[in-house]
Amino acid sequence: MIKLIINDDEYSVDVDPDTPLLWVLRDVLGLTGTKFGCGAGQCWGCTVIVDGKARPSCTTKISGLEGKKITTIEGIPEDHPVKQAWLEEQVPQCGYCQPGQIMRAVALLDENPDPDRDEVRKAMSRNLCRCGTYPRIEAAVLRAAREVAK
């Protein structure tokens, strides 16, 4: 059994230690907000936050996560400044990459609550969006940063 702390709840899972976190979240625990993107850690569509750092859950093995704090999109409140900015800037198009994008933005603002445009672009550059909503993503992250700063 591997004990996990996800969104401040404790879970015990009986899985192969090499199982990627993404499959534990989706298939074992039913937390389906985290999406499968490429399965190779290239698109970061499956981004979660582990101990404050954005991580691709598709390549993060469950064996190294015991005792670490894991946050998924389900753990981000609806009134969080990033989620609110996403709505106000009308970021989603197809919406598939949005949970991963939001998780990356939350991790960025937790680490750097006052990023400039270049810092936002650099931080968000690993998360791919097939619809090309990058200008709206950037605007939303900067808007959320202004809200966090208030």
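Glu 88 is partly exposed, at 44% relative accessible area (buried means under 20%, exposed over 50%, partly exposed in between; 1.4 Å probe, protein chains only). The model is predicted, so local features need pLDDT of at least 70 and side-chain atom pairs pLDDT 80 or more, while totals for chains, interfaces and linings use all residues. Residues are numbered from 1 along each chain as its sequence is written, and side-chain values use heavy atoms, without hydrogens or water.

Glu 88 pairs with Arg 143 in a salt bridge, with the closest N and O atoms 2.8 Å apart (a side-chain nitrogen of Lys or Arg within 4 Å of a carboxyl oxygen of Asp or Glu). This pair links distant parts of the chain. Glu 88 sits in helix α2 and Arg 143 in helix α5, 55 residues apart (helices are DSSP runs of H or I with at least four residues, strands runs of E with at least two, numbered from the N terminus). Arg 143 counts as partly exposed because its relative accessibility is 26%. Shared partners join Glu 88, Glu 89 and Arg 143 into one salt-bridge network.

The count of salt bridges comes to 9. Among them is Asp 8 with Lys 69, whose closest N and O atoms are 3.6 Å apart. Asp 8 lies in the loop between β1 and β2, Lys 69 in strand β5 (residues 69-71), and 61 residues separate the two. Asp 8 is exposed at 58%; Lys 69 is partly exposed at 42%. Another salt bridge joins Lys 83 and Glu 78 at 3.1 Å, N to O. Lys 83 counts as buried, at 10% relative accessibility, whereas Glu 78 is exposed at 60%.

The largest nonpolar core has 27 residues (buried Ala, Val, Leu, Ile, Met, Phe, Trp, Tyr and Cys residues joined through side-chain atoms within 4.5 Å). Val 82, Trp 86, Ile 137 and Val 141 touch the most other members. Helices α2 (81-88), α3 (98-111), α4 and α5 (134-149) each supply at least two residues of this core. The largest share, 7 residues, comes from α3.

Two non-glycine residues carry a positive phi. Asn 7 has a phi of about 55 degrees and lies in the loop between β1 (2-6) and β2 (9-13). Asn 7 is buried, at 17%. Trp 44 has a phi of about 60 degrees. This residue lies in the loop between α1 (21-28) and β3 (47-50) and counts as buried at 6%. Most residues other than glycine have a negative phi.
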